[in-house]
Amino acid sequence: QDRWWEGGKAITLTEQNFYDYVGKDKHVVVDFFAQFCIWCKRMVPEYDKLAEQYMGDQKTRGDVIIAKIDGGTYRNLAMKYGVA
């Protein structure tokens, strides 16, 4: 089975670690995705390029963090940010 949402260069967020990154002293680009969404799947390479450009091999380098969260699994956060 294609589990395209796993891995990649963007930091994977959950309800448990979301606010460890969001609302702190760095800018955060968060991709709220859905596992069934073909457009979300097609954006993965672009988010990987963005993460490589801004973070490189270090997840905390620079002023920008590129992250992703499964909006289907974490619906409360998706709704809070107007994504659902």
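Biologist: What share of the 84 residues of the protein counts as buried?

Modeller: Of the 84 residues, 35% count as buried. Buried means under 20% relative accessible area, exposed means over 50%, and partly exposed lies in between, with a 1.4 Å probe and protein chains only. Before we go on, this is a predicted model, where local features need pLDDT of at least 70, side-chain atom pairs count only at pLDDT 80 or more, and totals for chains, interfaces and linings use all residues. Residues are numbered from 1 along each chain as its sequence is written, and side-chain values use heavy atoms, with hydrogens and water left out.

Biologist: How many helices and strands does the secondary structure come to?

Modeller: Helices (H or I, at least four residues) and strands (E, at least two) are DSSP runs, numbered from the N terminus. Here there are 3 helices and 3 strands, and along the sequence they follow the pattern β-α-β-α-β-α.

Biologist: And what share of the contacts with a separation of 6 or more comes from residues 24 or more positions apart?

Modeller: Contact means heavy atoms within 4.5 Å. Among contacts with a separation of 6 or more, 75% are between residues 24 or more positions apart.

Biologist: On to the inside, then. Which residues touch the most other members of the largest nonpolar core?

Modeller: In soluble globular proteins, nonpolar side chains tend to be buried together. A nonpolar core is a set of buried Ala, Val, Leu, Ile, Met, Phe, Trp, Tyr and Cys residues joined through side-chain atoms within 4.5 Å. The largest one has 16 residues, and those touching the most other members are Ile11, Leu13, Phe18, Phe32, Met55, Ile66 and Ile69. Helix 2, strand 3 (64–70) and helix 3 each supply at least two residues of this core, with strand 3 giving the most, 5 residues. There's also a second, separate core of 6 residues, which includes Trp5, Phe33, Ala34 and Cys37.

Biologist: Where is Gly71 found?

Modeller: Look in the loop between strand 3 and helix 3. Gly71 counts as buried, at 13% relative accessibility. Setting aside neighbours within four places in sequence, Gly71 is in contact with Phe32, Phe33 and Ala78.

Biologist: How many salt bridges does a search of the whole structure find?

Modeller: Side chains of opposite charge can pair when their charged atoms come close. A salt bridge is a side-chain nitrogen of Lys or Arg within 4 Å of a carboxyl oxygen of Asp or Glu. The search finds 3. One of them joins Glu6 and Arg3, with the closest N and O atoms 2.7 Å apart; Glu6 is partly exposed at 43%, and Arg3 is partly exposed at 41%.

Biologist: Which parts of the chain does the pair of Glu52 and Lys9 link?

Modeller: Glu52 and Lys9 form a salt bridge, with the closest N and O atoms 3.3 Å apart. This pair links distant parts of the chain: Glu52 is in helix 2 (residues 38–55), Lys9 is in the segment before strand 1 (11–12), and they are 43 residues apart. Glu52 is partly exposed at 34%, and Lys9 is partly exposed at 37%.

Biologist: Why are Glu46 and Lys49 separated by about one helical turn?

Modeller: That's because they are 3 residues apart in helix 2. Glu46 counts as partly exposed at 38%, whereas Lys49 is exposed at 53%.
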